[in-house]
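Let's take a friendly walk through this chain, from particular loop residues to the strands and helices around them. Please keep the structure open beside the text as you read.

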Amino acid sequence: MKKDQMPNGRRAVLRLAAALGATAAVGVFAADRLSAPDRAAGPGPGGAPGSGTGTGAGPGSAGPAAGPQAGTARLHPNAYRLQPMTAYAPPAYRRALPPVRQRPFLSVSGAGRSMVLTFDDGPDPRYTPGILDTLRRYDCRAMFFVCGEMAVENQDLLRRMSAEGHVVGNHSWSHPLIPGLRPSRIRDELGSTSEVVERALGTAPLWYRAPYGAWNRHSFEIGAELGMEPLAWTVDTLDWQEPGTDSIVRRVLDGAAPGVVVLNHDAGGDRSQSVAALRRYLPELLDAGYHVTVPRR
C-alpha cells in the first residue's frame, strides 16, 4: 500500500501544479490584452502612457514604435483593430483665418514680371470652356470668381478649373450690391457660394470679390470669418460693355505691368468678345516676357 500511495501522491501534486500553472498563464494573457491598449492610448495626466501605471516616456526615452506592427506580438487581432491608430499623430492642420482688411488687394506685389488674369460671374457653359481651352493651350493659370447660382448648375466646370490648376474664388451667390444688404444676407451670399465650391472641389474658396467692386466693412469681416482674402483688380477691360474684341485686347496690353490684376468676364451676358480677346492678347503677353500666374496662400 505504501508503494501504491506514493505514485498517487505524486500524481496529485503534479495535477495541482498543472492547474496552478494554467491559471497563472491565463492571468498573464488576460492582463496583457487589457494593458496593451493603454500603452497605445497616449500619455496620461502624469506623463506615462495610459493610466500612468506603466513606464513614463521621459525626455530621454524612446517613443512608441511607429506603424501597424507596433505591439502586435501580444495583441489578439480583434483587440488590435479596436485600438485608435492616430493616438500619436500630430493634430490636424488648420489654416489660420486671415485678418479683417479695410480695403481689397488691387495688385500682386513681389511677383516679378507676372500678371494675374481673372474672370467673373461664371461659370457659363457657353463661354467658360473656350477660356479654359485657351489657358490650357498656353499652359497658363487664372482666377475664376464664380457666382453660386451659376456654380451650382455647372459643377463640372468648377472641377475642370481646379483640375487644370486655376483658382476658384467667391463672387457671391446672386451678384447683388453688397453695401445695400444686411449682414445676415451678406453671410448667406458668400457662405452659400463657398459651400457649393467646397462640395464640388473638397476645399472652400480662399479669395473673394465683391460684385461691382462694392465692398463694405461687413463684407470684409464676413469674408475673413469664412477664411477668404478680398481681391479687386488693377486693369478693367470693360468687356461687360461689349466694346469689341479690339478694345479689350488694347486695354489689356496697354495696362500690362508687373503685378497687375486684369478683370475679365466669362458670364453675365454675351462674352464671345472676351473669349476671342483672350486668344489674341495672351500670346502677346507671353511673347513680351510676362508670366501669367495666380496668387498663392
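## Starting in a loop

At 43% relative accessibility, Q241 counts as partly exposed, the class between buried (under 20% relative accessible area) and exposed (over 50%), with a 1.4 Å probe and protein chains only. You will find Q241 in the loop between β6 (235-236) and α8 (245-255). Its C-alpha atom is separated by 9.7 Å from that of R271, and these two residues are 30 apart along the chain.

## How to read the model

This is a predicted model, in which local features need pLDDT of at least 70 and side-chain atom pairs count only at pLDDT 80 or more, while totals for chains, interfaces and linings use all residues. Residues are numbered from 1 along each chain as its sequence is written, and side-chain values use heavy atoms, with hydrogens and water left out.

## The chain as a whole

The chain has nine helices and eight strands; these are DSSP runs numbered from the N terminus, with helices (H or I) of at least four residues and strands (E) of at least two. Of its 297 residues, 39% are buried. The chain exposes about 16,500 Å², of which carbon and sulfur atoms supply 56%; accessible areas come from the Shrake-Rupley method with a 1.4 Å probe, and for residues only the protein chains shown count as cover.

What about contacts along the sequence? Taking contacts (heavy atoms within 4.5 Å) between residues at least 6 apart in sequence, 76% join residues at least 24 apart.

## Strand β2 and its neighbours

Strand β2 (residues 143-146) is covered on both faces: M143 and F145 are buried on one side, F144 and V146 on the other. Strand β1 (residues 114-120) pairs with β2 in the parallel sense over three bridges, where pairing asks for at least two DSSP bridges between the strands. β2 also runs parallel to strand β3 (residues 167-170), joined by four bridges. F144 is a handy landmark here: F144 is the bridge partner of F119, and F144 also stands opposite V168 in β3.

β1, helix α3 (residues 128-137) and β2 make a right-handed β-α-β unit; right-handed means that, with the strands pointing away from the viewer, the path from the first strand over the helix to the second runs clockwise. Which residues of α3 are buried? They are T128, G130, I131, L132, T134 and L135, and they pack against β1, β2, α5, β7 (261-265) and α9 (272-287).

The loops on either side of α3 deserve a look too. Most residues other than glycine have a negative phi, and most peptide bonds are trans. In the loop between β1 and α3 sits P123, joined to G122 by a cis peptide bond with omega of about 0°. D139 lies in the loop between α3 and β2, and its phi is positive, near 55°. At 55% relative accessibility, D139 counts as exposed.

## Helix α6

Buried residues in α6 include I186, L190, V196 and V197. Their cover includes β2, α4 (148-151), α5 (155-163), β3, β4 (207-208) and α7 (217-225).

Just after α6, G202 takes a positive phi of about 90°.

## Aromatic pairs

A search of the whole structure finds four aromatic pairs. Rings of Phe, Tyr and Trp (its six-membered ring) pair if their centres lie within 6.5 Å, and planes under 30 degrees apart count as stacked, over 60 as edge-to-face and the rest as tilted. The rings of F105 and W207 have centres 6.3 Å apart and planes at 70°, so this pair is edge-to-face. The pair links distant parts of the chain, with F105 in the loop between α2 (77-81) and β1 and W207 in strand β4, 102 residues apart. F105 counts as partly exposed at 29% relative accessibility, whereas W207 counts as buried at 8%.

W215 and F220 form a stacked pair, 5.5 Å centre to centre with 0° between the planes. Both W215 and F220 are buried. Ring pairs link Y208, W215 and F220 into a cluster.
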